[in-house]
Number of protein chains: 2
Amino acid sequence: MAAVAVRLFAVPGRGRKALSRGGAPTAKNGAGPTLFYLDDLEVGQRFVSGSHELDAAQIKAFAGQFDPQPFHLDEAAAENTMFGGLAASGWHTAAITMKLMVEGGAPLAGGLIGAGGELRWPRPTRPDDRLHVESEIIEIAPSRSRPERGMVTVRSETINQRGEVVQAMTAKLVVPRRPAAG
Amino acid sequence: MAAVAVRLFAVPGRGRKALSRGGAPTAKNGAGPTLFYLDDLEVGQRFVSGSHELDAAQIKAFAGQFDPQPFHLDEAAAENTMFGGLAASGWHTAAITMKLMVEGGAPLAGGLIGAGGELRWPRPTRPDDRLHVESEIIEIAPSRSRPERGMVTVRSETINQRGEVVQAMTAKLVVPRRPAAG
């Protein structure tokens, strides 16, 4: 099956010419962004999000609330840790990833409802990183017990301005089937 | 190997008498909470966190920043979704879980540094939920290439006031070996 890519937002500073618009379903109501129902998705389909600019203040604010460890809170204290400098909490990277996906990086009908998934943080996210998310549909499983929906497995990479992957996630999302016309 | 449990915080309203303090290593510096090095851990060891009280305002604040979907933002809009009412973003549940673990729910030397893991959200987290985290060491693997540390696999369940698991996570954490005395 051919990979189909939909570029939803410009990704500043990245020359990814391989991405092209294609395979988008017809919007039924003519307003708002095109949303993909289970029936519209195919394995290999790709989506690219807009981008998010991080800074030290955001890193410290998130960490202060949810992950108060020295390497996420204070530049000087972070120097002497495994990170060698201020780094974002992995959960902050995960939360930014979700924001980018909700804002258009994964335009699924019914919203992004995750049942769970797997996460890796191969390298730290740093202040002044500019992040975007590239997602690919890797499995589509219509539900046997719930004919109105199915489970879609999406692999999403969160990538910094140097093209380095800071988070790799494989998530299972609940996606509705397209309702009968009417 | 016998399961060893360390109760670090009282968990209000839960009658878990089975948890008892035991197997804690001697604190070397005599100050602050006892922290566990790789050498102090054993498979089956359990930790229980303090608790966190959620409310609708926290749910909406997190969602507004990181997961702006109707079922996380607005009670009325949430009624007509799969959630049937306001629910926290799974990433909010994950972030609160991290906070509870950092605040004492997983007292590991060197801090909680995750390389990645697996997450499931078997049921939604709701306003007024009171959450705590119960963690268990399920695997310990000293590093071959880095003798000063190892990788510890921890299974953590985030549990509400009704004893229901709202998040199940298996995470791989980097834990240092106890440094030579001196």
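The following is a conversation about a predicted model with chains A and B.

Q: What kind of model is this, and which pLDDT do local features need?
A: This is a predicted model, in which local features need pLDDT of at least 70, side-chain atom pairs count only at pLDDT 80 or more, and totals for chains, interfaces and linings use all residues. Residues are numbered from 1 along each chain as its sequence is written, chains are lettered from A and ligands numbered from 1 in the order in which they are written, and side-chain values use heavy atoms, with hydrogens and water left out.

Q: How many helices and strands are there in chain A?
A: Chain A has four helices and six strands. Helices (H or I, at least four residues) and strands (E, at least two) are DSSP runs, numbered from the N terminus. From the N terminus on, the order in chain A is β-β-α-α-α-α-β-β-β-β.

Q: What share of chain A counts as buried?
A: Of its 182 residues, 48% count as buried. Buried means under 20% relative accessible area, exposed over 50%, and partly exposed in between (1.4 Å probe, protein chains only).

Q: Through which surface do the copies meet?
A: The copies meet through the same surface, because 100% of the interface residues of chain A are also interface residues in chain B.

Q: New topic: how many aromatic pairs does the structure hold?
A: Over all chains, the structure holds 10 aromatic pairs. Rings of Phe, Tyr and Trp (its six-membered ring) pair if their centres lie within 6.5 Å; planes under 30 degrees apart count as stacked, over 60 as edge-to-face and the rest as tilted. One of the pairs is Phe62(A) with Phe66(B), edge-to-face at 5.7 Å centre to centre and 80° between the planes.

Q: Where do Phe62(A) and Phe66(B) lie?
A: Phe62(A) lies in helix H1 (residues 56-66) of chain A and Phe66(B) in helix H1 of chain B, so the pair joins two chains. Phe62(A) is buried, with a relative accessible area of 5%, and Phe66(B) counts as buried at 5% relative accessibility.

Q: Which residues form one aromatic cluster?
A: Phe62(A), Phe66(A), Phe62(B) and Phe66(B) form one aromatic cluster.

Q: And Pro127(A), where is its place?
A: Pro127(A) is in the loop between strand E3 (113-120) and strand E4 (130-142) of chain A. At 24% relative accessibility, Pro127(A) counts as partly exposed.

Q: Which residues is Pro127(A) in contact with, leaving aside its neighbours within four places in sequence?
A: Pro127(A) is in contact with Leu54(A), Asp55(A), Ala56(A), Ile59(A) and Leu86(A), where contact means heavy atoms within 4.5 Å. The C-alpha atoms of Pro127(A) and Leu86(A) are separated by 7.2 Å, although the two are 41 residues apart along the chain.

Note on methods:
Copies are superposed by least squares on the C-alpha atoms of residues with pLDDT of at least 70 in both.
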